[in-house]
Number of protein chains: 4
Amino acid sequence: MAGNTIGQLFRVTTAGESHGPANVVIMDGVPAGIVLAIEDIQKDLDRRRPGQSKITSHRHEPDQAAILSGVFEGKTTGTPLAILIRNTDIRSGDYDEMKDKYRPGHADFTYDAKYGFHDYRGGGRASARETVTRVAAGAVAKKILLSLSPDIRIIGYVKQIGNIISDITDPATLSLEQVDSTIVRCPDSNAAEKMIALIEKIRSERDSIGGLAEIIIQGIPAGWGEPVFDKLNAELARALFSIPAVTGVEFGIGFGASIARGSEINDSFVSDKTGIKTVTNRHGGIQGGISTGMPVIIRCALKPPSSIPREQQTVTTSGQPASITVKGRHDPCLLPRFIPVAEAMIAIILADHGLRQRQARI
Amino acid sequence: MAGNTIGQLFRVTTAGESHGPANVVIMDGVPAGIVLAIEDIQKDLDRRRPGQSKITSHRHEPDQAAILSGVFEGKTTGTPLAILIRNTDIRSGDYDEMKDKYRPGHADFTYDAKYGFHDYRGGGRASARETVTRVAAGAVAKKILLSLSPDIRIIGYVKQIGNIISDITDPATLSLEQVDSTIVRCPDSNAAEKMIALIEKIRSERDSIGGLAEIIIQGIPAGWGEPVFDKLNAELARALFSIPAVTGVEFGIGFGASIARGSEINDSFVSDKTGIKTVTNRHGGIQGGISTGMPVIIRCALKPPSSIPREQQTVTTSGQPASITVKGRHDPCLLPRFIPVAEAMIAIILADHGLRQRQARI
Amino acid sequence: MAGNTIGQLFRVTTAGESHGPANVVIMDGVPAGIVLAIEDIQKDLDRRRPGQSKITSHRHEPDQAAILSGVFEGKTTGTPLAILIRNTDIRSGDYDEMKDKYRPGHADFTYDAKYGFHDYRGGGRASARETVTRVAAGAVAKKILLSLSPDIRIIGYVKQIGNIISDITDPATLSLEQVDSTIVRCPDSNAAEKMIALIEKIRSERDSIGGLAEIIIQGIPAGWGEPVFDKLNAELARALFSIPAVTGVEFGIGFGASIARGSEINDSFVSDKTGIKTVTNRHGGIQGGISTGMPVIIRCALKPPSSIPREQQTVTTSGQPASITVKGRHDPCLLPRFIPVAEAMIAIILADHGLRQRQARI
Amino acid sequence: MAGNTIGQLFRVTTAGESHGPANVVIMDGVPAGIVLAIEDIQKDLDRRRPGQSKITSHRHEPDQAAILSGVFEGKTTGTPLAILIRNTDIRSGDYDEMKDKYRPGHADFTYDAKYGFHDYRGGGRASARETVTRVAAGAVAKKILLSLSPDIRIIGYVKQIGNIISDITDPATLSLEQVDSTIVRCPDSNAAEKMIALIEKIRSERDSIGGLAEIIIQGIPAGWGEPVFDKLNAELARALFSIPAVTGVEFGIGFGASIARGSEINDSFVSDKTGIKTVTNRHGGIQGGISTGMPVIIRCALKPPSSIPREQQTVTTSGQPASITVKGRHDPCLLPRFIPVAEAMIAIILADHGLRQRQARI
């Protein structure tokens, strides 16, 4: 059974390859009555778009979205919402060398092992090109969330690239504008400058670099998440690990938990006129797989892009030793464009769980 | 929509609370013809059982499994396989104080926020008691895997508790016997001794402690995993985060990816008579969400159990300040009993994906 | 992928065979806060129970239900609700002759063709024994419906057995008591008497007989049903065809549609203080797969039970010609016990769709 | 939870309205390696196309399909297969009168009751326009079936329109060419002539007419179908009832079962060199929800189209009495165009179950 659908009540099914005619997404379960315009989708696509700055891939895709169904007179109809994004800037010639070779670090080999063939055109479905539909769906998810719980805000930023670590004392106060004020999506302008310089240096060295993103979700009401298998953290982690290049995910104190004692990290409950909350937030906004109402804090590690324009050792599809120099227009660092994709995936999971929470009680 | 089913082709649905009459699991999609005996299940339950050593909870549950359906003359029939495990050692009196108070760090509050009531009997469904059915299902999953791909081995061990770090140079060579040779499930006997002493000290201080587990999966054929949303790493991470207390999950180089360069971590392909593999395994056995055939390396961080028998500040269910001292028979450290649960969840995901891979090609 | 789960939001998963230790059902997605007692379930099981009258199977099963989880202090908790019903009156000796022969008209052969083995103990999972869990789930479904839309009433009755047709002028006014006033569940007492006599005659002739049931659902609000694949009629039909022996299902004018003209059967809309309805109800309560608010009218045809205690020609499992006389305690006519099973399946579908309708709009 | 996906392993998700820009379908779970050309899809779309003859709707849609993804070098890739069909001949002006009125017999009212708005443009998603994507998916399903079990043939024909009943003695021998030899898709040319004349007369009287279709499926191997809820007959019935205007479905002896005795209708098993089969086929090819290997025989009743160009009584969306004369280009009888849609839905279910059967045994 294939795995191109995510969500239970807000069901997102995507299709499309890097070098096919188009990418398309069908969202089933969008409730009727949500105000939605193409601009809502386009502005998120523009944040993900390749060629948006000097430190991203130079592929030029306008990524113009078209709504095919599910919206009538400016509102969602309750019927499936389909969005089409055509691929326009395709240079398959770049991929001739890969026709018979597996790129190191790339999914060429595993796709072949799985499906028995090798779609060498820009990685086919394994390319991060497919995340364009995730972002389109995420934009719709955000509109659902706006209706369900208008205080929800999902803000991600680049926390680290290589050894450069941003200094953000209170991530919970960050705005989208602050994050987008630098092309690397790091709101610490000093760190951002160094990150940009590092990425340019890495590209000039025909290499690539990894990094760390932190995402803060505010305003989730207490009670979202579905034990025991669809816990909110479990579902968020799955969604984030489904994004290419993610190698680690942690919530709250995360890997710091290993050395912690219960007496140090249990967050005490208090109550004020807005309700019950915790004094501290070491738990990171989720307990027992269900949101507590405190901000959810997530960190994701990303590996460097595997496609680098330098000679590497590999094998051909028939197992013969070979060397390969990967051409194509690749990002030297995925983090800046990862931020909108991660936010979109989180929005998809939250919209699904916000709808699911409407079923928890009679 | 509730979330008590995991898996697509091997579908595991569980039910049961800490202090109800029984826990039960229905597995749908077990192929017909698998040899299965109650002992296959019982021996895994015994590894998870409370009261198994001086460093675990002192609750005494025999955890005797009964197969209710789906097996005939020693083989699976293709019809749903149900397993029942009764709760026997219930001391609800321990929980009287919690009737009106939320335990800090526990899911009491979030369950109440979600469902509108407070099952104070040992945490109800939020208790790790429910993992007993996961282990039963995991035992069946292992039998499926044995039929699908007999070389698969899933071995977890305790890598770290507090500041004590085990020194395991080649985890890929560990055996179950080595892991189980110490009650803390750390095969480094020096570290194990210190870990046991630390846990006893922590318990005597009426506190609890976190830790880190590492799990190695060997023998998965290349090709398992379902892009783009049900990638193998995404599904494994979801399954692991669904286990109580997990705060972080990483694969391969994991969080170390942040500082890595592509040229350093791309694993080169080579070919020998057994097929194509990589020279190194920094990718951790999964590329593009699909297994490469190399060992899968996973690390999980667990927080300390929140239930500690010392006075903590909290609020009552009506929001009044209160203090609470959590009684009951709790583990001071979850790691030793986490290992069989994590292995079971991994087996469930792998069995599902092994079956799913049978559909990848015509 | 196996098929032992029905429903999307109210998810019912069943397990159990005719001659295994027990049947069990897990219901996931039962909203928290529904008042539920074991008696609610038991009274429906009693209506389905074998041995309830002289015209049913003589197997004696008390069918005592036990709630294993999901209910606390008399209310559902939102966590999975498991119900166990043990098999007690098992006479496997009755089935010795079937060990190596396929019973004509029975699923022995197809189960063997599918799963590669032959569970000769009373038909295993193919036996109508498994409907006991459907009825238990249906009882819970009715409680959900009572909370969602208290005016819903599901009343089925036996319309025809053999050539005896009941004369019910206004089925919409029938009560459960009227239906249950005769052991054949036909509220036309004249017809009922003849039906009972016919069934007794058929049994004495070591034969079996088919029949027709009509079910009326009143009080469904307009708007339930999920186009385009989960239309209310499509889901109801699927649920009814999943019950053993159903050979035909029709709604409203049903097969009479073949000779109808649009001008004759379009039901005109009118409006009164209770809302918009149709003057006539030839459409049978569903239009475009969505309930109109008018009564839903369904008719089901059932074939005679295949197990008859007379000699029939068949083959052995290895394909050799053989004769067989089916022993065991079988119903000579399924209709009386079909009624509570059909009502249960309808209740399950309606509960699911009632919950689903809560998602149609923001 | 919305309902626009059908199938478990072959998952078909559709989107699109009658008067929106396009209809689109994503098929997930198409195994890699199936030879597929656009012509395979187009020829089925051409059989369903409006305007194909004098007795169908006069809407002119070329219904040109475009494959957006999932096919590479003439073969399926295992990744999602998306097909786009644009709407070109839209005359929304035809629908001005319906803006504020509910058409009798149509789903206008129920869609409004469900979603809270009224898409008056040709019925929106309630229009049979959406079946265009079903036919596209059915064409792919047939290619899957061809790989799984090349002897499967699905042939439907028009058995009855009004009082005209075709005389087909052995439907199992019918070919597609025979069926398509008349524009009404009735292979009995005498009956066909009368049916065509009747439909033309009905149209001239500004009325519409119902009918009956029979579909025969040959060559399904024994063993397909998933008890207890996804039985093959249950799934086929659901798929057929999901098609607009279907009011009844029966298998084998169907409603004739009511008067049958077990001794009359149990089909005896025999064995020859091709395997075990039944002497007669009163069971209609499915026993216990699983295929027997004998032909599956299905009959579907369809009501007359509700849209008729004559004055009818109704109410406005605000409940005021009104009269309406439905304009637009509607079919006077659905049967001829129903045949390819029914065949497509059956192919979708069979492809899903053929893939599912690959999981029945280890």
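How many salt bridges does the rule find across the interface of chain A and chain B? Before I come to that, a word on conventions: this is a predicted model, in which local features need pLDDT of at least 70 and side-chain atom pairs count only at pLDDT 80 or more, while totals for chains, interfaces and linings use all residues. Residues are numbered from 1 along each chain as its sequence is written, chains are lettered from A in the order in which they are written, and side-chain values use heavy atoms, with hydrogens and water left out.

The rule finds six salt bridges between the two chains, a salt bridge being a side-chain nitrogen of Lys or Arg within 4 Å of a carboxyl oxygen of Asp or Glu. One of them joins B:R261 to A:E205, with the closest N and O atoms 2.6 Å apart.

Turning to extent, chain A brings 110 residues to the contact and chain B brings 110 residues, where contact means heavy atoms within 4.5 Å. About 8,200 Å² is buried between them, 58% of it from carbon and sulfur atoms; buried area here is the accessible area (1.4 Å probe) that two parts lose on being put together, summed over both. On the chain A side, A:M1, A:K114 and A:F229 lose the most area to chain B, together 11% of what that side buries.

Finally, strand β11 (residues 246–251) of chain A pairs with strand β11 (residues 246–251) of chain B in the antiparallel sense over three bridges, given that strands are DSSP runs of E with at least two residues and that pairing requires at least two DSSP bridges. Within this pairing, A:G248 has B:E250 as its bridge partner.

Methods. Helix = DSSP H or I, 4+ residues; strand = E, 2+ residues; numbered from the N terminus.
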